[in-house]
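Subject: Structure for you to look through

Dear colleague,

Please find below the structure that I promised to hand over to you. Once you have had a look, read on for what was found in it.

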Amino acid sequence: MTGDDARLDSRVPRGTVHVLTPTYRPAGGVVKLMDYVQHVRALGLEASVWSPETASADSELFRIERFADLPAQVPMHSSPVLDIGPDDLALISLPDHYEVVLDSMPRGASLHRVLHLVQNVRHTNPQWRAGYPTRLLTRPATRIAINDIVADEIRPWLDPRADLHVVDLGHDTAYFARERPPGWDRARVVVGYTTWKSDVGDRVAERLRDDPRFIFHAIRGTASWAEVRDLYHRSDVFLSTPEPQEGLYLPGLEAMAAGCLVVTPDCGGNMAYCRPDDNVLLVPYDDVNGYVEALTTMAAFSDEEAQRMRAAGHAVVPRFDLTAERAGVADVLAHTWDRVRAAESP
């Protein structure tokens, strides 16, 4: 028995946790679902994966080192109905998958068996997916929020019969880490950004294209983790450009792990790791002037100011650790089975 396995309540049946994913593309939410697959396995339970897509061992998702064994070790299904047994649970993140699980549940099964991983604050936005995610919050399930910000956002909507757990999102931040020598080249600040969720980086680069203090590098299309890591490692500053209603927004955290100074707006869940004027400079959302002003401020940083902000970024990163997340998952599973037994007992 491993140390992680020992954290599971001895009464937790060694059944299967069925994890539902909308795709095998390595988007952030899908990567997190696969982390939960690996947590379940490390805790001594079986896992299976369901998706409307057909799994392929050649998928870029399974090129991520920590998921490389999944195609060979974990059953992956695309049938319309899940085979949920009496000792099984189901984990969803995409709200639409609630109905898939509901149609697959054994008669009389408690809906505490549905683990709903809530990865963003958009669930309370009635414009998102025609309001279904908001309505879903009022229906029974076991909710897992990826940080306190998400939990506080969804709590007023929850069915009073539902459990709500906070398991801080874990990430392989060590993959992106880079220790940098002290100092700061104020004559040549390299600025990195992506355009996956916003073009504000391009607009900032256009505004400053004739300013010799700045060199800009961008990723505009899909990219491997290695390519993203390379962007962080060759950048001094990262322009974080999350959407308005984020759950966490990993690029900002990854850039901190890589030793970048970060400029970001407050977009909800990303504030779980952002400390304004400590490890980030805060700007208004989608505000070119704000980003330009922040870059101008950073270009004038002394070596000590740059190193202080870099160190503050590094200091917050260990909180978002996969090992800590696994311990949280173990606690949720133990508590969930207590609730399931109480609900299903005659």
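In the lining of the largest cavity, the element that gives the most is α12, which contributes 3 residues. This is a predicted model, and a search of the whole of it finds 1 cavity of 30 Å³ or more, with about 50 Å³ of space inside. By class, the lining is made up of 9 nonpolar residues, with no polar and no charged ones.

The largest pocket holds about 1200 Å³ of space. It is lined by 40 residues, of which Pro-26, Ala-27, Gly-28, Gly-29 and Lys-197 are the closest to its centre. Three elements, α2 (28-42), α8 (225-233) and α9 (250-257), are those that give two or more residues to the lining of the pocket, and the largest share, 5 residues, comes from α2. When the lining of this pocket is divided by class, there are 22 nonpolar, 11 polar and 7 charged residues.

Helix α9 deserves a paragraph of its own. Is α9 enclosed by the rest of the structure or open to the outside? Since 8 of the 8 residues of α9 are buried, the helix is largely enclosed by the rest of the structure. The buried residues in question are Leu-250, Pro-251, Gly-252, Leu-253, Glu-254, Ala-255, Met-256 and Ala-257, and they pack against α8, β10 (237-239), β11, β12 and α11. Just after the helix comes Gly-259, which takes a positive phi of about 85°.

Another residue to look at is Asn-270, whose place is in the loop between β11 (261-264) and β12 (280-282). With a relative accessibility of 0%, Asn-270 counts as buried, because the limit for that word is under 20%. Leaving aside residues up to four places away in sequence, Asn-270 touches Pro-242, Gly-247, Leu-248, Tyr-249, Thr-264 and Pro-265. The C-alpha atoms of Asn-270 and Glu-243 are separated by 9.9 Å, and these two residues are 27 residues apart along the chain.

Turning to charged side chains, the search of the whole structure finds 21 salt bridges. One of them is formed by the side chains of Asp-35 and Arg-66, at 2.7 Å from N to O. Why can this pair be said to tie together separate parts of the chain? Asp-35 lies in helix α2, whereas Arg-66 lies in the loop between β2 (46-50) and α3 (70-73), so the pair links parts that are 31 residues apart in sequence. Both Asp-35 and Arg-66 are buried.

A second salt bridge joins the side chains of Arg-319 and Asp-168, with 3.4 Å from N to O. Here Arg-319 is in the loop between α11 (303-316) and α12 (322-344) and Asp-168 is in the loop between β7 (163-166) and β8 (189-194), so this pair ties together parts that are 151 residues apart in sequence. Arg-319 is partly exposed, with a relative accessible area of 37%, and Asp-168 is also partly exposed, with a value of 25%.

Finally, a word on confidence in the model. The chain averages a pLDDT of 92, and 97% of the residues score at least 70. Over residues 1-6, however, the pLDDT is below 50, and this stretch has 9 contacts in the model beyond near neighbours in sequence.

With best wishes

Terms used
Residues are numbered from 1 along each chain as its sequence is written. This is a predicted model: local features need pLDDT of at least 70, side-chain atom pairs count only at pLDDT 80 or more; totals for chains, interfaces and linings use all residues. Side-chain values use heavy atoms; hydrogens and water are left out. On a 1 Å grid over the protein atoms alone, a cavity is a set of points where a 1.4 Å probe fits but cannot get out, and a pocket is an open set with protein on both sides within 12 Å along at least five of seven lines; lining residues have an atom within 4 Å of a point. Grid points are joined across faces, edges and corners, and a volume is the space filled by probe spheres set on the points. Helices (H or I, at least four residues) and strands (E, at least two) are DSSP runs, numbered from the N terminus. Ala, Val, Leu, Ile, Met, Phe, Trp, Tyr, Cys and Pro count as nonpolar, Asp, Glu, Lys and Arg as charged, and the others, Gly among them, as polar. A salt bridge is a side-chain nitrogen of Lys or Arg within 4 Å of a carboxyl oxygen of Asp or Glu. Buried means under 20% relative accessible area, exposed over 50%, partly exposed in between (1.4 Å probe, protein chains only). pLDDT is the predictor's confidence in each residue, from 0 to 100. Contact means heavy atoms within 4.5 Å.
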